[in-house]
Amino acid sequence: MIPAPPKLADRLLKFFCSPHRLEEIQGDLHEEFAFQVKRIGERRARWRYWRDVLGFLTLFAIRRKSTEYSTTSLTNPSMIRNYFKIAWRNLLSNKGYSAINIVGLSVGMAVAMLIGLWIYDELSFNQSHQNHDRIAQVLENQTLEQGIQTYGALPFPLSRELRTKYPDDFKSVVAYSWAEQILAFQDQKLTRAGSFAEPDFPEMMTLKMRSGTRLGLKEPASILLSESTAKALFGAVDPLHKAIKVGNKHTVQVTGVYEDLPHNTLLKDLAFVAPIELIFSEDTERSYLNNWRSSSFEIFAQLNPNSRFDDVSRKIENVFRQHTDSKAQPALFLHPMNRWHLYSEFKNGVNSGGRIQFVWLFGVIGVFVLLLACINFMNLSTARSQKRAKEVGIRKAIGSQRSQIIGQFFSESFLVVALSFVLSLALVQLVLPIFNDVADKQMTMLWSDAWFWLLSIGFSLFTGIVAGSYPALYLSSFQPIKVLKGTFNIGRLASIPRQVLVVVQFTVSVTLIIGTIIVFRQIQFAKNRPIGYNREGLINITMNTPELQGRYDALRNELLATGAVANMAEASSPATNIWSSANNLEWRGKNPNQTSAFGTICVTPEFGDVVGWKIKEGRGFSRQFSTDSMTFVLNEAAVKQIGLQKPVGEIIRWHDQNWKVIGVVKDMVMKSPFEPVMPTVFMMNTHERTLNFIHIKLNPAMSAGLALEKLETVFKKINPDAPFEYKFADQEFAAKFAAEERIGKLASFFAGLAIFISCLGIFGLASFVAEQRTKEIGVRKVLGASVANLWGLLSKDFVLLVIISCLLSSPIAWYFLNDWLQKYEYRTEISWWIFATASFGALAITVLTVSFQAIKAALMNPVKSLRSE
């Protein structure tokens, strides 16, 4: 027996020798070694072998530089072209499976892109302001009986106090008040929302001026208009230095026009900015200038470059407390602009989150929906492994390395992903307007953004790697000897990974379906909540002009004379909100350390009849009793807060005066329908609160359209210079569900796509299984199997997998949805039928999907499947 040459020398030869010459050189050296062993002996032959190996360290045999390519290199351009050419041929030869893969991946990638655009829009909220990282809102925490409550309404003098006392920390501090006003230029009149603010506001918010300057508010009788408002008001006329009327009360001069703010900013509807002095022009309102007891303004602050939000918050914490004797111990702090949108919720004085939970939620959904599409590709690729086995065996037999076969399968994956990416771009462009409408966004494709394309390419490569990794590693592991001898068998265990992936797919899909059902159930639960008053035919009209103030009796008489109005009242708040509160009420038996917040609403005597509140004890307000101007009507929540068994007749002290409780009404849901009713006191004293809203109950015997025409005639007669504008209470109440309904619609949209992608994969697998078992089906038909038997045979495995998915998804969905519901004080229960409905729906869709292929296979002529090949 001839001994083997030195192994170390062979390894050295393999290391430096060019791959395409190795076999030839190594074969010659081995033959020479065998000859020399016989001639001069093994020991000397081994030395000579080493000499010969080292002799090949020449340019002839040495391994080429990395910039040169061997014919079998993975980086050889010719090989790469060959990979993609073969991949393209495979796609064309299996059009059905290719279509399933491409459509599934394109839908998954489109969903991921839409969610990515949505998340980008959310994360970039308010960042159109150049100083967004140094702007904050001043908020206060009050320690009340209900816990620590966070408020944004603050007294006007606080702005001046912060500016003068902390010049090293603040670059600017501005007080700000949001309001709807009538803007009039000649015969053109518009109602727009805008702000009354201190002069530094435009500079702080870096408004982009089209004409004029940001310093335009320095003049007290001035105004800045948004570009769209200026165009609507003036048309083609240059608005600069033109005089307009605000609220039929103030004549001001347009000193600037700024570019409309983008949709993803808190100030998106800012149509005008007027000097805050206009609010204080009336003597009755001048008290705000130095009034620390009235909190009616928001305050924004811009820090100096070297200041930090936390440090400044600690400095200003006690500023408000120094000017009030409130037992609520108000503590000020700064809430940065970058957190306004995503971290807007506070619980017990601590920032507890907000919309950021939806950013995480939809981010996870996007990843999972894309994963579902990748699973389809993996399953269909590995399912067809029996057909690709001979191809792999032949490639390995003629010298292909495993890395080359892996490269071949990855090239197929990248080709499918590339085609899917192009199709997904078209889908996103097509669906984006609908998605924007559902999500209340104004997103656009970032075609000119280099980062968008860079991230898209990275996203596509990542998808290709995820989708192609398992098939590439699995298929390249086949042994060529077994494949080519015909002894290769995939075996039953090979299908387990595919079954696991199908279970993952449907677990995600069913979880999304359950989540969608619970979100809509929570919304419906809140909608069905008793609200304590009648919204039907109730409209609110804002008294934003002086012509409507102080003319209650005349206006009411004229409206009732039309026959279109059942009743009318005025109030300081709309029926669907509470605009003012107080925490300094005192009553018999109150704990001296107790501080409670109560909503405060001033009304006219007819208010109760107009809104249809329900008297529980005592009586409502009446014109027959002159003393009612110093009385309270409490809601049930206020009675509970006070803790008196028989509140009617009790005296409550407020603002150093005695107020007698004359009645108790059932709780009215005027704020969030998802939260407990706020303790509220109703009064008739207009010295405490200003009547800002007209509440009208339309005559149910007359059509709403005709009734509104009659109302407009009356309002135009009294106030001809103002447009007639109104809001239905039921529409205002419905708007309170907008955020939750929007999330529910988005969740249902993504859940539908997830189930579509999962069913697409099931359809592909079912068609492949039917194709693989064609002969078995033929034999069974010949032996008497019915179509129903064959349908059950082909469907049962998929149905079992979906049942397992439903069992897994139910506890997962319960855990996350139960946690989500905890944020609502008034919430629905998670019933068993929700899981049953979602599971039944998933099973029904699966059975319908699989049945098409199963029945098609069962109806085939067995002669065709059993005839000799």
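The legends below walk through several close-up views of this predicted model.

Local features are described here only where pLDDT is at least 70, and side-chain atom pairs count only at pLDDT 80 or more, while totals for chains, interfaces and linings use all residues. Residues are numbered from 1 along each chain as its sequence is written, and side-chain values use heavy atoms, with hydrogens and water left out.

**View 1. Tyrosine 166 and phenylalanine 170 form an edge-to-face aromatic pair.** Rings of Phe, Tyr and Trp (its six-membered ring) pair if their centres lie within 6.5 Å; planes under 30 degrees apart count as stacked, over 60 as edge-to-face and the rest as tilted. The count by this rule is 33 aromatic pairs. In this one, tyrosine 166 and phenylalanine 170 are 6.5 Å apart centre to centre, with 85 degrees between the planes. Tyrosine 166 counts as buried because its relative accessible area is 18%, and phenylalanine 170 does so at 5% (buried is under 20% relative accessible area, exposed over 50%, partly exposed in between, with a 1.4 Å probe and protein chains only).

**View 2. Phenylalanine 435 and phenylalanine 750 form a tilted pair.** Their ring centres are 6.2 Å apart, and the planes make an angle of 50 degrees. The pair links distant parts of the chain, 315 residues apart: phenylalanine 435 belongs to helix H12 (residues 402-439) and phenylalanine 750 to helix H21 (residues 738-772). Helices (H or I, at least four residues) and strands (E, at least two) are DSSP runs, numbered from the N terminus. Both phenylalanine 435 and phenylalanine 750 are buried. Look around them and you will find a cluster linked by ring pairs, made of Trp118, Phe362, Phe435, Phe749 and Phe750.

**View 3. The charged end of arginine 339 sits over the ring of tyrosine 343.** Its distance from the ring centre is 4.0 Å. Elsewhere, the charged end of lysine 527 sits over the ring of phenylalanine 737, 5.6 Å from the centre. The rule asks for NZ of Lys or CZ of Arg within 6 Å of the ring centre and within 35 degrees of the ring normal.

**View 4. Serine 307 lies in a loop, with its side chain by the backbone of aspartate 169.** The loop runs between strand E10 (298-303) and helix H9 (309-316). A polar atom of the serine 307 side chain is 3.2 Å from the backbone oxygen of aspartate 169. Serine 307 counts as buried because its relative accessibility is 16%.

Key. A polar contact is a pair of N or O atoms within 3.5 Å; within protein, one must be able to donate a hydrogen and the other to accept it, and residues adjacent in sequence count only if both atoms are side-chain atoms.
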